[in-house]
Amino acid sequence: MAVLSRRHLQRRAEQSAASAAHRAAATAATGAPRDAGSHRFTDTVGTCSGREGDDGTAQQAPRPAPERPLGLHFPSGFRWGAATSAYQIEGGAKEDGRGESVWDTFSHTPGRTRAGDTGDVAADHYHRYHDDLDLMRDLGLHSYRFSISWPRIQPDGTGKPNQRGLDFYRRLIDGLTARGIEPMATLFHWDLPQALQDVGGWESRDVAYRFADYAQSLFHTLGDAVPVWLTINEPKTVVQNGYLSGHHAPGRSDPDAAYLVAHHLQLAHGLAVQALRASSAACRIGPAFNLHPCYPADDSAAAAAAARLYDGYENRLYLDPVFLGSYPADVLADLGPDSRLARGIRDGDLAIVAAPVDLLAVQYYTPIYVTGDGQTVRRWTTSEADWQQIYPDGMLDVLTRVYRDYGAVPITITENGLPTPDRMAPDGTVDDPGRISFLRDHLAAVHRAISTGVPVESYHVWSLMDNFEWAEGYEQRWGLIYVDYPTQRRVFKRSAHWYRRVIAEHAI
């Protein structure tokens, strides 16, 4: 692989929208218009009005009070939800037979997380899940997307399932069902059993087969109790942040290993789909991909070409194998014929990866603007997570692009949100109008996508509650529900009250 390509890969990792540890401020851009070339996600012109700030960055124009209705009603079958993940909220890290995960190891390594924070306790959901279920009911959720901790089910990543771990998720699922909330379970949200990392982790092809065994055990024991299963959450984040930048577990910085890991994650997804089909469970299954529209930073041919390749690494590397049965040719060419990815693909692998799915989970946080030399620049105001540019039309572009390029696969949005500087006032309230504005504008983009025929069937806010935000520890708050960590008290933020009204009225 060329030195230039290596530099681009590293930069790509650092700009990943899922990188909670990315602390460097994004580079200010010139505000040039985006190109209308074939690399764009959609030909729809963005509608977000803006103005230039003092630094040349596009700023959002003043908007009315965020709760003011837009008069947009959603289809009758549309479902409203919220999302979490096991390591970020559960705690109970040493209880009931749970094994160690790569995130336990990573967060306990000095210098890896902000303030040395870990997920040992997190939001203590493992002990407080019953009360949290009542909060979900009070919020009015139709659907709850959560993840299952692999080391809680298989402490060493193999063998007979830990019954105490299964019992916890059975209680959680039964509690959701009793409250009229549909469970949506993710099989893997980054917490690989440390024992499997010790034998190679996702660089080892065998781990994909261990994942299939783990998935099969869950399908056998929980099966139809979970209507929707998601396989791998954001494989791109594992690749970019875990193996390129090293900002996430397992903390590697090895481009050659990274894209072999990408293939094994995709293989694991396909094997899990096959395992579900082989079971008697009558439920649906699909992957969860974080998709970022990649736009040229100016109208030059060089920027258009660079944005197209960037899109290959950000999006097509994951979408194409699942829906087209092949890796994108431009990415394979850029990596080179001797890359570990190219050498790691065996006969029959792509057929496994392309096993038909029932839906696609889409997660959208930020756009990416690419210059002619493959660098990225900032066009929009960022949130407290400085990698996240606030651009609601990117949601529209992502959804319409998937529909246009990959067909009418049902889409569930399983993550969308931002961190805001939330503080609890003396009267016990938490005011977060910025979150309301963000969610309203992105839901308006979802509504526009639906109106053009994109089959979006549900939306899940990230996140239900404040939690351990990976390498950022507890510094950033992403939740609708405020968590006072010293007391574990839960408080509905202003955005939670707003979202409850949205659900009740089925409109924004």
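**Helices, sheet and core**

Analyst: This is a predicted model. The axes of helix α16 (residues 433-451) and helix α17 (residues 494-505) come within 8 Å. They cross at roughly 30°.

User: What hand does the crossing of α16 and α17 have, left or right?

Analyst: The crossing of α16 and α17 is right-handed.

User: Which residues make the contact?

Analyst: From α16, P433, R435, I436, L439, R440 and L443. From α17, R494, S495 and W498.

User: How do the residues of that contact divide?

Analyst: Into 5 nonpolar, 1 polar and 3 charged.

User: On to the sheet of 3 strands. What is the order?

Analyst: The order is β8-β10-β11, in an open sheet with mixed pairing.

User: Why is one side of β8 and of β11 left without a neighbour in the sheet?

Analyst: β8 (294-296) and β11 (376-377) are at the edges. Each has a single partner strand, so one side of each lacks a neighbour in the sheet.

User: In what sense do β10 and β11 pair?

Analyst: Antiparallel, over 2 bridges, with β10 covering residues 368-370. Y369 stands opposite V377 in β11.

User: Which helix lies across β8, β10 and β11?

Analyst: Helix α11 (residues 301-324) does. Its direction is at about 170° to β8.

User: Now the largest nonpolar core. Which residues touch the most other members?

Analyst: W202 and W229, out of 135 residues in that core.

User: Where does the largest share of this core come from?

Analyst: From helix α10 (residues 255-278), with 13 residues.

Technical notes
Residues numbered from 1 in each chain as written. Predicted model: local features only at pLDDT ≥ 70, side-chain atom pairs only at ≥ 80, totals over all residues. Heavy atoms only, no water. Axes fitted to C-alpha atoms, helices over the stretch in contact; angles between N-to-C directions. Helix = DSSP H or I, 4+ residues; strand = E, 2+ residues; numbered from the N terminus. Left-handed = near helix turned anticlockwise from the far one by under 90°. Contact = heavy atoms within 4.5 Å. Nonpolar A, V, L, I, M, F, W, Y, C, P; charged D, E, K, R; others polar. Pairing = 2+ DSSP bridges. Core = buried A, V, L, I, M, F, W, Y, C linked by side-chain atoms within 4.5 Å. Buried < 20%, exposed > 50% of the residue type's maximum accessible area, 1.4 Å probe, protein only.
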